Amino acid sequence: MATRNIPVLLLVCLRLSGIALLCILWEVLPRSGLVNPTFFPPLSAVLQEIAALLRDQHLLGHTIATLWRVVAGIVLAALLAVPAGAILGYWLPGLAAGLNPLFRILAQVNPFSLMTVFLLFFGIGEKAKLIIAAWVAFWPLLHHVIGGVQNIDADLLKAARSMGTSPSRLFLQIILPGAAPAILLGVRTSIILLLAILVAGEMLGGLAGLGWLLHWSSNYYSSPYATTPIFAVGLCISLIGVALSAVLRKLERDLFFWKPLESAWSAAPAPRLQRSRPNRIFAVTVLSAMLLLLVAGGASTNRLSKTNGSFSGEGDVPPPSTSGHSSHNEHSGHNMSHEHSLPAAGQSGHSGHTVPSASPVQSGHP
Amino acid sequence: MKWIISVHRKLLSFYLFFLVLIVWELAPRMGLVSNVFVPPFSRIVVTGIELGLTNIFLYISISLKRVFVGFILATVLALPLGFILAGAMPKLAAFLHPLTKFLSSIPPFILFPIFVIIVGIGEGGIYTVIFWSSFWPILFTTIAGIQNVDPLLIRAAKSMNAGKLVIFTKVILPGASPTLITGLRTGLTMSFFMLIGSESMGADSGMGWMIHNAQSMGFVERIYLGAIMVAGVGLALNYVLEYLESAVLQWRQAPDSSNKAAA
């Protein structure tokens with residue numbers, strides 16, 4: 001690798017300066033008018049929009065919803081694929097070879113083409129989305145697990161068997177650790193795909209999640225620049241992708257410090273840093289964060305899709321007639337002035353829908 | 001007798017496949033699953049015949065055209081860019097590395113609304129999605145492939161007074177070609193995967209549109225037909241690429257099995 005000659009510190013500076021340069025260009029080009037700012041808003045406007053979305057549109061909730069789906073889908077897929085891959089790869093290699101054509105066809109079955117069928121089977125709730133996510137992640141994962149199991153050092157297996165290890169111990173102590181690097185690589189490969197597919201799925205039909213937010217934000221026109229919300233949500237999604245893959249890469253480095261590093265796409269060997277001791281702290285942190293996300297994320301996602309499930313655009317039409325409110329509506333002049341003072345949708349340029357529970361329109365009038 | 005055994009050998013891996021088809025046919029007919037949700041296989045074939053072979057081929061060819069336009073565009077841009085970045089300017093490659101990583105993790109679908117706003121509705125959005133989803137895998141594998149060429153070979157060529165162009169065409173390109181082809185395959189698989197989604201978002205023809213249309217109309221048989229078509233075309237593409245790979249790289253000994261079964 002040619003970059004090895006560059007000193008590390010300089011390399012870090014170089015890399016960071018790439019990002020800095022991009023940020024500056026992003027800010028300067030639209031402001032100077034070289035690029036049409038309507039289509040390509042400056043970075044500061046996008047950041048402001050992110051703040052606004054955080055405030056008004058439950059951006060955090062949507063992020064958690066997407067992350068929850070990604071994590072739950074990948075966990076589900078791993079729970080199915082690892083045992084299945086171990087059994088097929090080690091105990092039934094003949095069956096694995098026999099099933100290969102079927103697997104290849106099933107892996108080619110596009111999740112979008114069967115979305116409706118999944119919906120028919122599992123209903124329009126979270127379940128269908130999880131199944132789709134798990135389906136997407138399952139096939140690459142299974143393929144990696146089978147490959148990993150079959151590439152375990154045969155001597156280790158023979159040694160374990162000659163000492164009369166039971167199948168369950170063989171699985172837990174030899175096959176699982178031996179195939180773990182391949183499994184994690186599979187997880188990393190499929191998580192990239194999963195995020196892309198999930199966002200698209202949410203765009204096509206969903207009630208929460210960043211894809212939904214993106215779809216929603218492409219339907220309204222924000223005041224100074226037209227496309228700011230799209231860029232804002234897109235930036236969030238991309239950052240999540242970067243973060244996910246960085247976390248997995250760090251996990252890989254920490255857990256499999258004895259393995260030479262290879263990655264899903266950029267197969268360039270990473271510079272060998274001093275990774276002499278295994279560092280479990282990060283792995284444990286990630287695991288606990290994942291568990292927390294699985295527990296708390298599900299609840300928050302459900303709540304969010306319930307609020308969004310109500311008629312979208314509720315925020316900008318006159319408030320729904322609650323019993324105390326309908327009498328209010330008759331004094332139209334009074335009501336109009338009242339509407340103006342509301343700090344709701346209109347002010348920030350969002351003509352879209354604000355989540356009813358957050359809008360003061362309903363809560364203001366008993 | 002020998003003939004039967006040889007046929008049996010060839011079909012061995014497809015038996016399970018046939019079994020699945022038979023179960024698919026029988027389960028709805030015997031009432032094990034609702035035949036509205038899961039129509040028997042024969043009804044899907046009948047739907048396909050009713051739709052007409054010409055229509056099916058039309059949809060497939062439209063979709064394939066989109067994939068290939070986007071994919072070829074990505075290849076034409078990504079391969080030379082990868083050569084330049086990895087071979088001539090490794091420092092620039094290091095400089096651009098975080099940027100490319102960030103860009104590559106932008107899911108292609110979010111470009112769709114942006115593209116629609118800038119250019120308008122049409123084929124362009126689909127091409128962009130395809131382009132984007134195949135560009136990055138190709139670029140990354142190209143860079144990796146070039147950087148992993150055995151430096152000993154390059155030095156040997158240099159010591160024999162070979163020019164830069166000669167080294168590139170005679171040493172680096174053949175040395176990196178296995179990785180390059182893997183990258184192309186990943187790119188094509190990815191772009192085909194993304195095609196259906198982008199076609200159901202904004203298109204008026206093609207397989208993705210057909211499925212999307214069937215979904216909104218409630219033609220369950222057509223959904224299954226579309227799924228089978230997509231899977232079949234994807235599989236065929238995969239096999240063609242695998243064949244090309246083995247034809248181009250026949251000199252490579254013992255291809256690793258883990259790469260070969262990539263779906």
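Is Trp132(B) buried or exposed, and what is its relative accessibility? The exercises below concern a predicted model.

**Exercise 1. Classify Trp132(B) and Trp136(B) by burial, and then classify the geometry of their ring pair.**

Solution. 
1. The cut-off for a buried residue is under 20% relative accessible area.
2. Trp132(B) has a relative accessibility of 15%, so Trp132(B) counts as buried.
3. Trp136(B), at 6% relative accessibility, also counts as buried.
4. The ring centres of Trp132(B) and Trp136(B) are 5.5 Å apart, and the angle between the planes is 75°.
5. Planes over 60 degrees apart count as edge-to-face, and the pair of Trp132(B) and Trp136(B) is therefore assigned to that class.
6. Both residues belong to helix α7 (residues 123-147) of chain B, where a spacing of 4 residues places them about one turn apart.

**Exercise 2. Describe the largest nonpolar core and the surroundings of Met194(B).**

Solution. 
1. The largest nonpolar core contains 130 residues.
2. Phe192(B), Met194(B), Met207(B) and Met229(B) have the most contacts inside this core.
3. Helix α8 (residues 167-204) of chain A gives the most to the core, contributing 13 residues.
4. Leaving aside residues up to four places away in sequence, Met194(B) touches Leu193(A), Ala196(A) and Ile197(A) from chain A, together with Pro108(B), Phe109(B), Val129(B) and Ser133(B) from chain B.
5. A second, separate core has 13 residues, among them Val82(A), Phe171(A), Ile175(A) and Ile183(A).
6. As general background, nonpolar side chains in soluble globular proteins tend to be buried together.

**Exercise 3. Locate Asn161(B), and state its phi and its accessibility.**

Solution. 
1. Asn161(B) is found in the loop between α8 (151-159) and α9 (164-201) of chain B.
2. Although Asn161(B) is not a glycine, its phi is positive, at about 65°.
3. The relative accessible area of Asn161(B) is 70%, so this residue is exposed.

Methods
Residues are numbered from 1 along each chain as its sequence is written. Chains are lettered from A and ligands numbered from 1 in the order in which they are written. This is a predicted model: local features need pLDDT of at least 70, side-chain atom pairs count only at pLDDT 80 or more; totals for chains, interfaces and linings use all residues. Side-chain values use heavy atoms; hydrogens and water are left out. A nonpolar core is a set of buried Ala, Val, Leu, Ile, Met, Phe, Trp, Tyr and Cys residues joined through side-chain atoms within 4.5 Å. Buried means under 20% relative accessible area, exposed over 50%, partly exposed in between (1.4 Å probe, protein chains only). Helices (H or I, at least four residues) and strands (E, at least two) are DSSP runs, numbered from the N terminus. Contact means heavy atoms within 4.5 Å. Rings of Phe, Tyr and Trp (its six-membered ring) pair if their centres lie within 6.5 Å; planes under 30 degrees apart count as stacked, over 60 as edge-to-face and the rest as tilted.
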